[in-house]
Structures are given as structure tokens and as C-alpha cells.
Amino acid sequence: MKKEKISAKNTQPGRLPNFGVLDVIVGPMFSGKSEELMKRLRRFKIAGLKVMVFNHALDKRYATNKIASHSKQKWQAVSVQKPEEILKKIKKNMDVVIIDEVQFFSKTIIPVINQLITKNIHVVVAGADTDFRGDPFSSVPNLLALADGEVVKLKAVCTVCKKWNATRSQRLLANGQPAPRQDSLIKIGAGDCYQARCRKHHIVIS
Ligand SMILES: [Zn+2]
């Protein structure tokens with residue numbers, strides 16, 4: 001049987017390699033996912049860990065090279081389009097990799113994250129677990145299944161009933177009407193075309 005090659009960074013004599021873990025933070029729009037990421041980022045930095053933040057180049061809500069929560073706090077982030085670029089752009093000896101808006105990435109985000117974990121990197125991702133139709137969003141359900149660290153499922157306040165039970169992102173058209181099911185899956189925007197809604201008040205026109 002062919003022996004698996006183990007990188008020098010991971011190996012100490014007589015010891016098995018160390019692996020990182022995957023934490024996943026999910027929730028609808030306005031549930032505080034980016035704030036939750038920033039809270040963790042601050043904790044990692046206080047501990048002196050080397051952290052790199054990535055986001056998708058598609059997310060141009062504020063600035064392409066920063067992650068920003070709706071409360072306008074910002075952190076430097078490296079914007080990438082393809083998951084593989086994370087492996088190319090990561091600096092040496094990183095302890096933690098944070099990926100925001102992970103639902104925008106293609107399916108190869110899964111093997112990329114697995115590679116990071118194999119390199120003893122703690123990976124924290126945040127993203128929307130459901131799309132505007134209320135369906136599981138791209139690779140996020142798979143990431144939830146693969147998480148071996150923390151799983152945090154955040155809720156927002158429903159804009160209709162004002163209860164802290166919103167698990168869905170309601171997309172609205174310019175005329176204020178709910179978006180139809182056949183609308184394109186990805187549409188970037190903050191307050192103007194999305195609202196947090198509970199299951200009862202989430203409407204998709206079919
Ligand atoms: Zn409601």
C-alpha cells in the first residue's frame with residue numbers, strides 16, 4: 001500500500017498529524033452573521049493567532065477588499081472569485097481562515113476547505129443557509145454537515161410579526177411585491193430588496 005505523504009508542518013516525530021476544524025455560522029439576512037465572524041476574528045487576534053479573511057468578489061456591498069456587517073464595522077479581506085484562489089492567496093503559517101458569504105462560492109469550496117483543515121488550519125465560514133425561495137443555498141447545507149467545530153444558526157427579527165423567529169430572506173421587487181420563484185438566485189443588495197421573515201411571512205410567488 002502506498003504511504004500517504006504528510007506535510008512537514010503537520011508532523012512531529014511519532015505523532016499523528018494535527019487537523020484544523022470547521023465552524024459554520026448560518027442564518028438569513030440581518031441575523032448578524034458578519035458581526036459573529038468579527039467577534040471571533042477579534043478573539044483570535046487577541047490570542048495572537050494569524051488570521052486571514054476571504055470574501056467573494058461578488059459581494060460589493062461596501063468595498064471589495066473588506067468584510068462589512070450591516071452595522072458598518074469593517075475588516076480587511078481578500079476578495080476572490082474561485083475557491084481555488086484561496087489556496088493560492090493564503091499566506092504562510094496561517095492559523096485561522098475566515099470565509100464570509102460562503103454561499104456565493106462554487107461547489108469546489110468543499111475540497112478547498114478540506115485542504116485547509118488538513119493543513120491544521122481552523123476554518124470559520126459564514127453564509128446564508130437558505131436562498132430567497134427558502135431552499136438550501138448552494139454548498140452551505142454540505143458545509144453544515146461537514147462542520148466538526150461549532151455550528152451557529154442565527155435568527156433575525158421578522159419585519160412583519162416583529163418576533164425573533166426569522167429564518168428566511170424575503171426578496172422584494174422594486175414595487176415592494178415578493179420576488180417570483182424564477183428570479184435569479186444571486187442578487188446582491190442590503191436593505192432595499194431583502195427583509196428577514198419567519199416561515200409564516202416568507203412569500204415566494206410561483
Ligand atoms: Zn413573521
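Reader: Which residues does Pro 28 touch, not counting residues up to four places away in sequence?

Author: Two residues are in contact if their C-beta atoms, placed from the backbone, lie within 7 Å. On that reading, and leaving out residues up to four places away in sequence, Pro 28 touches Ala 128, Thr 130, Ala 156, Ala 166, Thr 167, Arg 168, Ser 169 and Ala 196. This is a predicted model, in which local features need pLDDT of at least 70 and side-chain atom pairs count only at pLDDT 80 or more, while totals for chains, interfaces and linings use all residues. Residues are numbered from 1 along each chain as its sequence is written.

Reader: Why does Pro 28 count as buried?

Author: A residue is buried if 20 or more other C-beta atoms lie within 10 Å of its own, exposed if 12 or fewer, and partly exposed in between. Pro 28 counts as buried because it has 26 C-beta neighbours inside 10 Å.

Reader: Where is Gly 27 found, and what does Gly 27 touch?

Author: Helices (H or I, at least four residues) and strands (E, at least two) are DSSP runs, numbered from the N terminus. Gly 27 lies in the loop between strand 1 (22–26) and helix 1 (33–46), and its contacts, not counting residues up to four places away in sequence, include Lys 33, Asp 129 and Lys 153.

Reader: Which residue does the UniProt annotation "active site" cover?

Author: UniProt positions are given in the numbering used here, with shortened feature names, and annotations may be inferred rather than shown by experiment. The unreviewed entry's "active site" annotation covers Glu 101, a residue in the loop between strand 6 (96–99) and helix 3 (109–118).
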